[in-house]
Amino acid sequence: MRLLFWIAFIALVVFAVRNKLRAMSKRAAVPPQARPGAAKAPVQIEAMAQCDHCGMYFPASESVRADGHDYCSPGHVRLPPP
Ligand SMILES: [Zn+2]
């Protein structure tokens with residue numbers, strides 16, 4: 001009788017853990033854009049640019065453009081890549 005109790009208890013724990021893992025992996029697999037309602041919300045995703053000198057990423061609106069290249073700051077304009 002006691003053995004039966006433990007078998008039932010372990011089965012319950014395994015079931016609960018598996019349920020929790022499935023819920024976690026499901027949440028991680030869905031990207032934020034794919035969630036219902038996310039498409040209508042105003043998403044502040046800005047295009048990113050990469051500095052031609054130091055390789056740093058920054059918002060495209062803050063980029064310093066020169067000769068068709070993007071730079072993170074005026075100090076890096078026209079400096080060669082490292
Ligand atoms: Zn830079």
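Q: Is F9 buried, partly exposed or exposed?
A: F9 is partly exposed, at 41% relative accessibility. Buried means under 20% relative accessible area, exposed over 50%, and partly exposed in between, with a 1.4 Å probe and protein chains only.

Q: What should I know about the model before we go on?
A: This is a predicted model: local features need pLDDT of at least 70, side-chain atom pairs count only at pLDDT 80 or more, and totals for chains, interfaces and linings use all residues. Residues are numbered from 1 along each chain as its sequence is written, and side-chain values use heavy atoms, with hydrogens and water left out.

Q: OK, back to F9. How do the rings of W6 and F9 sit?
A: Their centres are 5.6 Å apart and their planes are at 90°, so W6 and F9 make an edge-to-face pair. Rings of Phe, Tyr and Trp (its six-membered ring) pair if their centres lie within 6.5 Å; planes under 30 degrees apart count as stacked, over 60 as edge-to-face and the rest as tilted.

Q: Switching to the fold. What is the order of elements?
A: From the N terminus, α-β-β-β-β. That is one helix and four strands. Helices (H or I, at least four residues) and strands (E, at least two) are DSSP runs, numbered from the N terminus.

Q: How much of the protein is buried?
A: Buried residues are 12% of the 82 residues.

Q: Now the metal. Which residues hold the zinc ion?
A: The protein donors are C51 (SG), C54 (SG), C72 (SG) and H76 (ND1), at 1.9 to 2.4 Å. Donors are N, O and S atoms within 2.8 Å of the metal (3.2 Å for Na, K and Ca); water is not among the atoms, so sites may look incomplete.

Q: What's the spacing of those donor residues in sequence?
A: C-x2-C-x17-C-x3-H. C54 is in the loop between β1 (48-50) and β2 (57-59) and C72 is in the segment after β4, so this pair ties together parts 18 residues apart in sequence.

Q: How many disulfides?
A: Zero, where a disulfide is a pair of cysteine sulfur atoms within 2.5 Å.

Q: Last one. What is the phi of D67?
A: Positive, about 55°, although D67 is not a glycine. D67 is in the loop between β3 (64-66) and β4 (69-71). D67 is exposed, with a relative accessible area of 61%.
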